[in-house]
Amino acid sequence: MTTPVKPKTLFIGLALLCVLAIWLSLALGPVSLPLLDTLKAALRLMGVPIEAQGLEQAELILGQIRLPRTLLGLAVGGVLALSGVAMQGLFRNPLADPGLVGVSSGAALGAAIAIVGGTFFGGLPDAFGPYLLSLCAFLGGLGVTALVYRLGRRNGQTNVATMLLAGIALTALASSAVGLFTYLADDATLRTLTFWNLGSLNGASYSRLWPLLLVAAAVSLWLPRRAKALNALLLGESEASHLGIDVERLKRELVFCTALGVGAAVAAAGMIGFVGLVVPHLVRLLAGPDHRVLLPASVLAGASLLLFADLVARLALAPAELPIGIVTAFIGAPFFLYLLLRGRA
Amino acid sequence: MRLSTSAIALVVGLLVNHGAQASELPQRWVSAGGALSEWVTALGGESKLVGVDTTSQHPASLKALPSIGYQRQLSAEGILSLRPQILVGTEEMGPPPVLAQIRSAGVQVEMFSAQPDLPTLQGNLQHLGKLLGDEAKARELFTGYEQALGQQKSWLTKAQATQKAPGVLLLLGHAGGKPLIAGKDTAADWVLQQAGGRNLATHSGYKPFSVESLAGLSPDVLVFSDRALSGDAARAALFKENPILAATPAAKSGRVFELDPTLLVGGLGPRLPHSLVQLSAGFYPSQAKPAP
């Protein structure tokens, strides 16, 4: 298979796209700021001493609302796309997505427990309360994934097919548990649960951002180091181990990175579908299956895509806001169908 | 140029300041909560509203205002783009980080309780009256409300002397299909009680019921609240989708009444006493209709 786009061209293109997405995400919003004010406020935020006269509003909107939101979008998009590559590499199937190992459904279960059961944890200290949802979602994702991984192991070997089936079974189980919580929920909590399942970058704040940024940085620095091993895995498990790859360790790392990354992303922004599935596809179409290109390029593409989707989410119905999961699925699903019909998938 | 504009603004500002003692009061309002928006309107503040949420459906003129979306899923920048001075809503308003962002932009954020009881309403109305600069009107509205509910209560006592409270089920549905039954701890349950009905459902919250157990409860009265249809169309859809309901005593005696679903959101609204009178007239047909 020939690669239509040279890696260098691809990286330059994606980097430019990403910078454009960041700029638009900072410059556009329901509040229309003059371009000059946006620029000045951005410079001020970077520590350039400019007179603050008349910039208070621009600085507040940029610094407190748009910048955390943009950072959240970058981290979530990048991590979701990266985890998609990891899962597609692990299962050697381009249809795999991070939900397959149960991390999404586990996180949803955790969130449902936090949202519906929140009143039962009445005695929590106030400082902890706002983070309960994120924490439960993160732990839920991690827990279910660990269980899936554990079920796939036998005699020190991880059977990927068993893991896949265990993932499907546990996803079904977690979904029905979420269903049970939905049944128990009253009207108001039900709405919260529904909206959480559609994801949103709305209300991003720095205190929620740091944990995710750390995880995102760690995962996107670590996984590309394993690109060669992932390439070898494409040939098959035994072939990879004949090439000197510790396949068991690789599998463990892939599952762990996905659980950690997607768990943190979902905890911060709720469920955002299709980025993990579609972005790796898109990059593979452009640059071929080499993981040395695919991994870093997916981070850039995923981050840019999510920022553009968020622009639609915040501008389409302004001053109201669309959940971003709706936007990504609107872009993702038709694209996926297109891939299917082209016989690529 | 810039200087002269601000000078004019200053002069105008001074004049306005001088003219109205209410200059300190917020003039640009965003309301997130159906009943609250109605009260703001009733207190004469409709012209100050610059945006409302999706639960604010009454009066119909509010629908022309920019929509800030669902009250639990507000967007900070979206609301700030309306340049409000105050955001009012019930405790359902959120998410909290967004409210914090709005507050940090210098917008006054006022939370009201949606608890359906008179003391809460009194507090809310007082507070709203103060913010709108018409406390007398707020007091007047509350007294009227209290009286209306008081009359309703004494009428009920009289009615219940001759007829025992009818067993009622409230069906909350969408175009008739798969209705949810209102149980305890819901606004609907409270409305039914105030209208003198005995809610036959004993679960809590709004839950789907099997039609069989529904008919087994043999309600004397059915109240439906449909989000998609209204009037006879909703009634017809309800019986078409759930034919077994036709066998209930309520259907046989024709005691199937409608309740506007927007009454069930966000605490006590100004339209409630009137609806209660209508409902209880249906619950106690032999008693002379109470004064509206």
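This is a predicted model: local features need pLDDT of at least 70, side-chain atom pairs count only at pLDDT 80 or more; totals for chains, interfaces and linings use all residues.

Colleague: OK. At what angle do H4(A) and H11(A) pack?

Modeller: About 40°, with their axes 10 Å apart. H4 covers residues 103-117 of chain A, and H11 covers residues 247-269. An angle of about 40° makes H4(A) oblique to H11(A).

Colleague: And which hand does the crossing have?

Modeller: Right-handed.

Colleague: Which residues of H4(A) meet H11(A)?

Modeller: Val103(A), Ser104(A) and Ala107(A). Across from them in H11(A) are Thr258(A), Ala259(A), Val262(A), Gly263(A), Val266(A) and Ala267(A). By class, that contact has six nonpolar and three polar residues, and no charged ones.

Colleague: Next pair. How far apart are the axes of H9(A) and H13(A)?

Modeller: They are 8 Å apart, and the angle is about 120°. H9 is residues 227-234 and H13 is residues 291-315, both in chain A. These two helices are therefore oblique to each other. H9(A) and H13(A) also make a right-handed crossing.

Colleague: What meets what there?

Modeller: H9(A) brings Ala227(A), Leu230(A) and Asn231(A). H13(A) brings His291(A), Arg292(A) and Leu295(A). The classes in this contact are three nonpolar, two polar and one charged.

Colleague: New topic. How many residues of chain A are in contact with chain B?

Modeller: 23 residues of chain A, in contact with 25 residues of chain B. On the chain A side, H3 (56-90) and H7 (187-196) each supply at least two residues.

Colleague: Which element gives the largest share of that side?

Modeller: H7(A), with five residues. By class, the side of chain A that touches chain B has 12 nonpolar, six polar and five charged residues.

Colleague: Now chain B. Which residues of H4(B) are buried?

Modeller: Val98(B), Leu99(B), Gln101(B) and Ile102(B) are buried in this helix, residues 96-104.

Colleague: Why do they count as being on the same side of H4(B)?

Modeller: Because they cover an arc of only 160° around the axis. The face turned away from the buried side carries the exposed residues Pro96(B) and Ser104(B).

Colleague: What covers the buried residues?

Modeller: The cover includes H3 of chain A. From chain B it includes helix H3 (76-80), strand S3 (86-90) and strand S4 (108-112).

Colleague: Last one. Which residue with a positive phi follows H4(B)?

Modeller: Gly106(B), with phi near 85°.

Note on methods:
Residues are numbered from 1 along each chain as its sequence is written. Chains are lettered from A and ligands numbered from 1 in the order in which they are written. Axes are lines fitted to C-alpha atoms, for helices over the stretch in contact, and angles run from 0 to 180 degrees between N-to-C directions. Helices (H or I, at least four residues) and strands (E, at least two) are DSSP runs, numbered from the N terminus. Angles under 35 degrees count as roughly parallel, over 145 as roughly antiparallel, 65 to 115 as roughly perpendicular and the rest as oblique. A crossing is left-handed if the near helix is turned anticlockwise from the far one by less than a right angle, and right-handed if clockwise. Two residues are in contact if their C-beta atoms, placed from the backbone, lie within 7 Å. Ala, Val, Leu, Ile, Met, Phe, Trp, Tyr, Cys and Pro count as nonpolar, Asp, Glu, Lys and Arg as charged, and the others, Gly among them, as polar. A residue is buried if 20 or more other C-beta atoms lie within 10 Å of its own, exposed if 12 or fewer, and partly exposed in between; C-beta atoms are placed from the backbone. The arc is that of the directions from the helix axis to the C-beta atoms.
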